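Good morning, and thank you for coming.

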Amino acid sequence: MIYHGACHCGAVRAVYETETPVRLRHDGCSFCASRGVKSASDPDGKLALTSDAKLTRYRFGQKSADFLICPTCGAYVATYMEGPHGPVGVINVVGLAIPELKDEPVTNASLDGESEAERIARRLARWTPMQLTEAAA
């Protein structure tokens, strides 16, 4: 399946490819809870994120990944991390308004208590290989 989405203003667009059924997650942190985030990833899939502007990056907690936010409309669209074999990411199907996925049920996941090394290992094992293209500042 190939899913297409965009932020509220359309400046950030995503193409998410996966051959497995999409299982949405909500990790329960205060950032995600306040935005109604539903995340999706597939380590065997592909993710291309394109932005007409330089994305706003926000780091919190262990500061090991960039939460990507549209600088125009403020939608949180994805999280990005450099891995040893290239970038990996997870999408927010709500922030990208992916019509086929945004109303699907979500599984709650608790990430409390993960060390930084455990968190990075989990991301490398579960997140989607990602291509990020954004306009220069």
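Which residue in β2 is the bridge partner of His4? The answer is Val15. Before we go further, please note that this is a predicted model.

Strand β1 covers residues 2-6 and strand β2 covers residues 12-17; the two run antiparallel and are joined by five bridges. Together they form a hairpin, with five residues between the strands. In that turn sits Gly10, whose phi is positive, at about 85°.

The first strand also shows two faces. In a regular strand, side chains alternate between the two faces of the sheet. In β1, Tyr3 and Gly5 make up the covered face, whereas Ile2, His4 and Ala6 make up the uncovered one.

Now to the overall architecture. The protein has two helices and eleven strands. Read from the N terminus, the order of the elements is β-β-β-α-β-β-β-β-β-β-β-α-β. The radius of gyration is 14 Å, close to the 14 Å given by the globule rule for 137 residues, so the protein is as compact as a globular protein of that length. The C-alpha trace spans about 35 × 35 × 30 Å along its principal axes. Of the 137 residues, 41% count as buried. Among contacts with a separation of 6 or more, 65% are between residues 24 or more positions apart. The accessible surface comes to about 7300 Å², and 52% of that surface belongs to carbon and sulfur atoms.

The largest nonpolar core has 23 residues, and the members that touch the most others are Leu49, Leu68, Val77 and Ile91. At least two residues of this core come from each of β2, β5 (46-51) and β8 (76-83). Leaving aside residues up to four places away in sequence, Leu49 touches a list of residues that includes Val12, Ala14, Leu68, Val77, Leu96 and Met130. There is also a second, separate core of six residues, including Phe31, Cys32, Val37 and Phe67.

Phe67 brings us to the aromatic rings. A search of the whole structure finds four aromatic pairs. In one of these pairs, Phe60 and Phe67, the ring centres lie 4.7 Å apart and the planes stand at 40°, so the pair is tilted. Is each of these two residues buried or partly exposed? Phe60 has a relative accessible area of 24%, and so it is partly exposed. Phe67, at 9% relative accessibility, counts as buried, because the cut-off for buried is under 20%. Ring pairs link Tyr58, Phe60, Phe67 and Tyr76 into a cluster.

Which strands does β9 pair with? One of them is β4 (residues 39-40), which runs antiparallel to β9 and is joined to it by two bridges; here Ala40 stands opposite Ile91. Another is β8, paired with β9 in the antiparallel sense over six bridges. Within that pairing, Thr79 has Val90 as its bridge partner, and a hairpin of two residues joins the strands. Strand β11 (residues 128-134) is also antiparallel to β9, again with two bridges, and Val88 stands opposite Pro129 there.

Although Ala97 is not a glycine, its phi is positive, at about 45°. Its relative accessible area is 39%, so Ala97 is partly exposed. A further residue other than glycine with a positive phi is Lys63, with a value near 55°. Lys63 is found in the loop between β6 (56-58) and β7 (66-69).

Finally, consider Arg122, in helix α2 (residues 116-126). Is Arg122 buried or exposed? At 14% relative accessibility, Arg122 counts as buried. Leaving out residues up to four places away in sequence, Arg122 touches Leu111, Glu114 and Trp127. Between Arg122 and Leu101 there are 21 residues of sequence separation and 23 Å in space, C-alpha to C-alpha.

That concludes the presentation; thank you for your attention.

How values were computed:
Residues are numbered from 1 along each chain as its sequence is written. This is a predicted model: local features need pLDDT of at least 70, side-chain atom pairs count only at pLDDT 80 or more; totals for chains, interfaces and linings use all residues. Side-chain values use heavy atoms; hydrogens and water are left out. Buried means under 20% relative accessible area, exposed over 50%, partly exposed in between (1.4 Å probe, protein chains only). Helices (H or I, at least four residues) and strands (E, at least two) are DSSP runs, numbered from the N terminus. Two strands pair if DSSP finds at least two bridges between them. A nonpolar core is a set of buried Ala, Val, Leu, Ile, Met, Phe, Trp, Tyr and Cys residues joined through side-chain atoms within 4.5 Å. Contact means heavy atoms within 4.5 Å. Rings of Phe, Tyr and Trp (its six-membered ring) pair if their centres lie within 6.5 Å; planes under 30 degrees apart count as stacked, over 60 as edge-to-face and the rest as tilted. The radius of gyration is taken over C-alpha atoms; the globule rule is 2.2 Å times the number of residues to the power 0.38. Accessible areas come from the Shrake-Rupley method with a 1.4 Å probe; for residues, only the protein chains shown count as cover.
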